[in-house]
Amino acid sequence: MPLLEVKSVTKYYGKKKVLDNVSFSLEKGEILALLGPNGAGKTTLMRIIAEGLTHRGHVLFKGKILKDRSVIGYCPQEGILYEDLTAYANLKFYSYLHKRDGRWARKMMEKFEIPDKKVKELSGGMKKRLSIVIALVGEPELLILDEPTVGLDVESRHQVWEIIRNLREEGKGIILSTHYMEEAEHLANRVAIINEGKIISLDAVDALKRSSGIKSAIEIRGLFKDIPQGFVRENSSLVFYSQEPKRDLVNAVTIASKVGKIKEVVVREPTLEDVFIKLTGRRLKE
Amino acid sequence: MKGVYAFFWKGMKEFFASKEAVFWTFIFPIIFGLLFAGVFGHESSPSSIPVGIVPERDSNNTLCEVFVNGMQEAIVDGKKLFELHNYSSESSAMSSLKNGKVKALLIFDDNFTENITSGIGQEKIKVILDKRDAQEYQLVSSVLASYISSFEDRVREIKMNITMEYLTQNGNLTQENITYVERWMKSFANPLKTQEEIYHGKSSAKTARMWYLTAAIGVTFVFSGMISAASMISSEIEKGTARRLLTTKTKPWEMLTGDILTVLLIQLISSLLIVLSFIVVFRELIIFPPSVILMLVIAALSTTSLGLLFSGITKTQRAAAGMANAIAWPISFITGIFFPSFLLPEWMRSIGDYFPASALLRGIRKVIIYNQGIGDYMPQIIGAIALTLIFLVIGSILFRWRMRTL
Ligand SMILES: Nc1ncnc2c1ncn2[C@@H]1O[C@H](COP(=O)(O)OP(=O)(O)OP(=O)(O)O)[C@@H](O)[C@H]1O
Ligand SMILES: [Mg+2]
């Protein structure tokens, strides 16, 4: 039996449909990444699961309708830390909310190497780490982490990834949202690509790439006035998705040279971003 | 219950985390109270009234001189009653009155002495008063009137003595009859003899100090209590902690109770500090009986629950705090919290009867300033408690509703 089942969940804010018939399931020891641009509905979906936001459809935990939400460890997108309090005081406060005492908090501070300073004096990475530890207070089997690495530098991000991987090793089921494709690629067992409230594709990273029909991406860097038919723009590059790069390379370069100046041409493996663009015609981060 | 404790513990820690914020929260009402108590709470000594005199042209050895000298010598509580300024003409005296140098003018008729002894005419002294300040006018005119009337007594006595002298020398009255006539005339001259006695109760200075002590406490309740209660709940909701609760074992009511207790305790600590500051500065022991402490706690709860109500009807923390702030000012003025309510128009005074914090404050003042019991004030106290509970219930309902629609 899956740890969590989300069945046909639809959510309206006023007249606006924010989630459209979303369904998926999550196993123990699995990380599911929700990958999607701003406003896709990732947070809304997580809040429906974690906070019981009103919705249509069902959320089942171990086969039963989820009622007691203290079984979930939730790390919301916005800061839930009290900036004027120390890290320890924050953790202790949340421990009390879970009817635990301060000893547990002390232990976790040591385990996750969180310095006991006022939160406002902590680095962004430490704050995130503390927020994730707070989500662990109730020793939940299911963790919901909303953009756990947003705004972090590369090193802190990798440290957070390490923590998340370890939690998976402990057998927890984890749903995390992100707009970083590398994050989804490196962490997730499966990725749900979500756009405008719909899950448009859900699979393991490799399978997603395979099923997208992209074998390689011909990336032409330079300055271009226009986006020719069949190309997409990524930053300042033009990208052409190809099944047979050997065949398409010359052709693509010739077309690109007509709309601008080429500096460099790279043929590379497709990324999740490429898959996303192929599927939606949009970029993950505008 | 652990949840209540969690929020209470967190709230107190958060409050005391910023030393600066703590300092200013506590210092504001203390400064307020001490300032007003310092200004109004000292023994008031009588001050001299500046009066302009335009004397009779040739005023040596005249009744006018007697009149003016009498004014010069009039002393109340060791201080001269009048401060006299002489002018030669009415017009120069008038300009002094206009620029406020003197509060009244006494202009003597050139035939003053003659007139008053011969008794031919009337209106022998022209009195000009400055009525720009109604209170001052009232004071100056009544002091002058009483001086003039006592001078009249003296004039009558002089006239009587002259008459008596004449009667004893020229009349053919027996000694017995003279005594009768003298008594009879005396009762004409001075029909009433008043005797002044002074009541030495609690000094007016102490009353004023205690009044502003309670005012400072009231100000704490209305400002820091109401405003922090209004923003506290909203900030939990805005911050997301309220939502975060949904994935814990803690119930929303525990958060509400914990936050209310925090605000309540901070107000009571603040009140205690105000009392201590008064004890230190004015060196007098202030002890509150249990009834007063109870009323203080309920008053603090009343502003807290009103703040809660505000946070229930506004969408953001800023709006809630803004609303509480906007209401705090007029409330403190018109409900007699830091403005004696007898100075207010009738309709405003009645608002103070219904605003629980000020109704309770009035009860507190009855006990600690006027040494009265609160027995006959019980209906108002019960009313204040009832209203506090109503605020609390409505506030909690709004809070629950907000938690549902997070
Ligand atoms: N409380 C709300 N009331 C009305 N609309 C809302 C509310 N919360 C979110 N929305 C709307 O719902 C849509 C989805 O928002 P959501 O926060 O779930 O997106 P997201 O995928 O988490 O985006 P991001 O990557 O920026 O966090 C957006 O269009 C947003 O404007
Ligand atoms: Mg989001």
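**A loop threonine and its surroundings**

Modeller: A:Thr271 sits in the loop between strand 14 (260-268) and helix 9 (272-280) of chain A; helices (H or I, at least four residues) and strands (E, at least two) are DSSP runs, numbered from the N terminus. This is a predicted model, where local features need pLDDT of at least 70 and side-chain atom pairs count only at pLDDT 80 or more, while totals for chains, interfaces and linings use all residues. Residues are numbered from 1 along each chain as its sequence is written, chains are lettered from A and ligands numbered from 1 in the order in which they are written, and side-chain values use heavy atoms, with hydrogens and water left out.

Biologist: Is A:Thr271 buried or exposed?

Modeller: The cut-offs are under 20% relative accessible area for buried, over 50% for exposed, and partly exposed in between (1.4 Å probe, protein chains only). A:Thr271 has 19% relative accessibility, so it counts as buried.

Biologist: And which residues does A:Thr271 touch, not counting residues up to four places away in sequence?

Modeller: Contact means heavy atoms within 4.5 Å. By that rule, the partners of A:Thr271, leaving out residues up to four places away in sequence, are A:Met181, A:Glu185 and A:Lys209.

Biologist: Now the metal. Which residues coordinate the magnesium ion (ligand 2)?

Modeller: Donors are N, O and S atoms within 2.8 Å of the metal (3.2 Å for Na, K and Ca), and water is not among the atoms, so sites may look incomplete. The magnesium ion has its donors at 1.8 to 2.3 Å, and they come from A:Thr43 (OG1) and A:Gln77 (OE1).

Biologist: How many residues apart are A:Thr43 and A:Gln77?

Modeller: A:Thr43 belongs to helix 1 (residues 42-51) of chain A, and A:Gln77 to the loop between strand 6 (72-75) and helix 2 (87-97) of chain A. A:Thr43 is partly exposed at 22% relative accessibility, and A:Gln77 is partly exposed too, at 34%. The pair links distant parts of the chain, 34 residues apart.

Biologist: On to the interface. How many salt bridges are there between chain A and chain B?

Modeller: The contact takes 29 residues from chain A and 25 residues from chain B. A salt bridge is a side-chain nitrogen of Lys or Arg within 4 Å of a carboxyl oxygen of Asp or Glu. The side chains of A:Glu78 and B:Arg243 form one at 3.2 Å, N to O, and the count between the two chains is 3.

Biologist: Which element of chain A gives the most to the side that touches chain B?

Modeller: Helix 1, strand 6, helix 2 and helix 4 (124-135) of chain A each give two or more residues to that side. The top contributor, with 6 residues, is helix 2.

Biologist: Within chain A, how many residues apart are A:Arg190 and A:Glu30?

Modeller: Their side chains meet in a salt bridge at 2.5 Å, N to O. A:Arg190 is partly exposed at 22%, whereas A:Glu30 is buried at 8%. A:Arg190 lies in strand 9 (residues 190-195) and A:Glu30 in the loop between strand 2 (16-26) and strand 3 (31-35) of chain A, so the pair links distant parts of the chain, with a separation of 160 residues.

Biologist: Last one: what separates B:Glu14 and B:Lys10 along their helix?

Modeller: These two side chains form a salt bridge at 3.8 Å, N to O. Because they are 4 residues apart in helix 1 (residues 2-17) of chain B, the separation is about one helical turn.
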